[in-house]
Amino acid sequence: LPSPHIILGRRNLDMYEDELERLEIRLSYLEKQNAELNEVVIDQGKTITHLLVQMEEMKKKVKDLMDVTADERANRRPPHY
């Protein structure tokens, strides 16, 4: 079999090597960007979990306050007395 250099020619081989190098560079940037985006998603997940916990605590406090207010209203005299 003839050498790829003979079939493709040195000029074509250089073009393929250049294209391969460009693709490798692009892949490297995409891998870096993917890792950075993954970190953002992880941080957002932690923030969402924290906010959900805070929301549940606030709901409990509001319910407790509403219960206290309801008890106070039940024991309060009407204004016309």
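This section describes the fold, surface and salt bridges of a predicted model. The secondary structure of the chain consists of 1 helix and 0 strands. The helix, α1, covers residues 4-75. Of the 81 residues in the chain, 1% count as buried. The accessible surface amounts to about 8,000 Å², and carbon and sulfur atoms account for 61% of this area.

A nonpolar patch on the surface is formed by Ile48, Leu52 and Met55, which together have about 280 Å² of accessible area. Of these residues, Ile48 is located in helix α1.

Side chains of opposite charge can pair when their charged atoms come close. In the pair Lys59 and Glu56, the N to O distance is 3.3 Å. Both residues belong to helix α1 and are 3 residues apart, about one turn of the helix. Lys59 is partly exposed, at a relative accessible area of 49%, and Glu56 is also partly exposed, at 44%.

A salt bridge also joins the side chains of Asp64 and Lys60, with an N to O distance of 3.1 Å. Because Asp64 and Lys60 are 4 residues apart in helix α1, about one helical turn separates them. Asp64 is partly exposed at 35% relative accessibility, whereas Lys60, at 53%, counts as exposed.

In the salt bridge between Lys63 and Asp67, the closest N and O atoms are 3.1 Å apart. Lys63 and Asp67 are both in helix α1, with a spacing of 4 residues, about one turn of the helix. The relative accessible area of Asp67 is 36%, and this residue is partly exposed.

Methods. Residues are numbered from 1 along each chain as its sequence is written. This is a predicted model: local features need pLDDT of at least 70, side-chain atom pairs count only at pLDDT 80 or more; totals for chains, interfaces and linings use all residues. Side-chain values use heavy atoms; hydrogens and water are left out. Helices (H or I, at least four residues) and strands (E, at least two) are DSSP runs, numbered from the N terminus. Buried means under 20% relative accessible area, exposed over 50%, partly exposed in between (1.4 Å probe, protein chains only). Accessible areas come from the Shrake-Rupley method with a 1.4 Å probe; for residues, only the protein chains shown count as cover. Patches are made of residues with over 30% relative accessible area and no salt bridge: like charges are joined within 9 Å, nonpolar side chains (Val, Leu, Ile, Met, Phe, Trp, Tyr) within 5 Å. A salt bridge is a side-chain nitrogen of Lys or Arg within 4 Å of a carboxyl oxygen of Asp or Glu.
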